[in-house]
Amino acid sequence: MAKVIDITAQTDPNVHGGHMAQYDPDGIILHHTGSSDEYGDAYWLSHYHSNPVSTNQMIQRDGTIVQIVPNNVVAWHAGTSCLNGRYDCNGWCIGLEICNNGQGEKFTDAQYQTVAETIAYNCALFEIQDKDISSHARVAACAGRHDKYDPYGWDWKRMWQRVDEIRADWPWPIPVWYDSTSGSRIMSTE
Amino acid sequence: MGDKEKEAEAKTEDVAAEEVTEEHKVAGEEAVAGGQVYELGMDEGVPPDAVMDEPAEEAAAEEAAAEEAAAEEEKAEEEEK
């Protein structure tokens, strides 16, 4: 399983909103960071500055997940956006920033593996549907903005193949299901 | 939407790498180094209130109830004597 480094306790509360409106996320949006410095990215996405921006998870080149904002808290990653008729994707989608310079750098094998794992896991945990997983480029274009192109060069077919493989051979011994109505965690051994 | 708002909106979504200084990189490295490490799926850390706290509260309540029951039993035994 992917390694997670949780820095949410250190993230500036001024770079994210409160809990998502429906408590759980309903979608996932993929981005690239557009940078080659991962520590700089970690700082930029977790601290307030003149261009406030944040994300829920950042995927480093070695496949490590840096958890910057909890997955059910609004992070600022998508801006003006729309997916399947729902606007303001920040309010209901997990943001995944994949470390990549955005100028033709190849995404690493470890990044494909980790992104597939976190998608499979969060879809199971929050009952997110595959149709609600998309790119920043697409959700921005759906809202009439055509200046976004990330994640540039991402191989979606490869990602979905890996997600399918993980789902077919579910790796977690005790799948965890989250009941959004009662607010309780349901542990299943099936 | 005014020009200033448009500009802010355009800026809001990009990691402006060119504005990241050496100091920022060091701060970022320190933040990552100081993070809590776990495996995906082992500690979601996400629903902090209801999900993470509830079992702990339940366990504490159960423990308190058990202690109270034991104390009452002990008292009853003493009274019988």
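Reader: What percentage of the 81 residues of chain B count as buried?

Author: In this predicted model, 16% of the 81 residues of chain B count as buried. Chain B has three helices and one strand, arranged along the sequence in the pattern α-α-β-α.

Reader: In what order do the seven strands of the open sheet stand?

Author: As a general idea, strands of a sheet pair through backbone hydrogen bonds, either parallel or antiparallel. Here the order is 10(A)-3(A)-9(A)-4(A)-5(A)-1(A)-1(B), and the pairing is mixed. Strand 10 (133-135) of chain A and strand 1 (36-39) of chain B are at the edges with a single partner strand each, so one side of each has no neighbour in the sheet. On average, and with direction ignored, neighbouring strands of this sheet are turned by 25° against each other.

Reader: Which residues lie on each side of strand 9 of chain A, and are they buried or exposed?

Author: In a regular strand the side chains alternate between the two faces of the sheet. For strand 9 of chain A, one side carries Cys93(A), Gly95(A) and Glu97(A), the other Ile94(A), Leu96(A) and Ile98(A), and all are buried. Six of the six residues in this strand, residues 93-98, are therefore buried by the criterion of 20 or more other C-beta atoms within 10 Å.

Reader: How many bridges join strand 3 of chain A to strand 9 of chain A?

Author: Six bridges join them, and the two strands run parallel; Leu30(A), for example, has Leu96(A) as its bridge partner in strand 9 of chain A. Strand 4 (residues 57-59) of chain A also pairs with strand 9 of chain A in the parallel sense, over three bridges, with Ile59(A) opposite Ile98(A). By contrast, strand 4 of chain A pairs with strand 5 (residues 65-67) of chain A in the antiparallel sense, over three bridges. There, the bridge partner of Ile59(A) is Ile65(A). Helix 2 of chain A packs on the sheet, touching strands 3, 4, 5, 9 and 10 of chain A, and its direction makes about 170° with that of strand 9 of chain A.

Reader: At what angle do helix 2 and helix 4 of chain A pack?

Author: Two packed helices are described by the angle between their axes and the distance between the axes. Helix 2 (residues 109-126) and helix 4 (residues 156-168) of chain A pack at about 55°, with their axes 9 Å apart. Helix 2 of chain A is therefore oblique to helix 4 of chain A, and the crossing is right-handed. Among the contact residues are Tyr112(A), Val115(A) and Ile119(A) of helix 2, and Met159(A), Val163(A) and Ile166(A) of helix 4 of chain A. The residues of this contact comprise eight nonpolar, one polar and four charged.

Reader: Which peptide bond is cis, and what is the phi of Asn84(A) and of Asp88(A)?

Author: Most residues other than glycine have a negative phi, and most peptide bonds are trans. The bond from Asp150(A) to Pro151(A) is cis, with omega near 0°; Pro151(A) lies in the loop between helix 3 (136-142) and helix 4 of chain A. Asn84(A), not a glycine, has a positive phi of about 50°. Asn84(A) sits in the loop between strand 7 (82-83) and strand 8 of chain A and is exposed, with 12 other C-beta atoms within 10 Å. Asp88(A) has a positive phi of about 55°, lies in the loop between strand 8 and strand 9 of chain A, and is partly exposed, with 17 other C-beta atoms within 10 Å.

Technical notes:
Residues numbered from 1 in each chain as written. Chains lettered and ligands numbered in written order. Predicted model: local features only at pLDDT ≥ 70, side-chain atom pairs only at ≥ 80, totals over all residues. Axes fitted to C-alpha atoms, helices over the stretch in contact; angles between N-to-C directions. Helix = DSSP H or I, 4+ residues; strand = E, 2+ residues; numbered from the N terminus. Parallel < 35°, antiparallel > 145°, perpendicular 65-115°, else oblique. Left-handed = near helix turned anticlockwise from the far one by under 90°. Contact = placed C-beta atoms within 7 Å. Nonpolar A, V, L, I, M, F, W, Y, C, P; charged D, E, K, R; others polar. Pairing = 2+ DSSP bridges.
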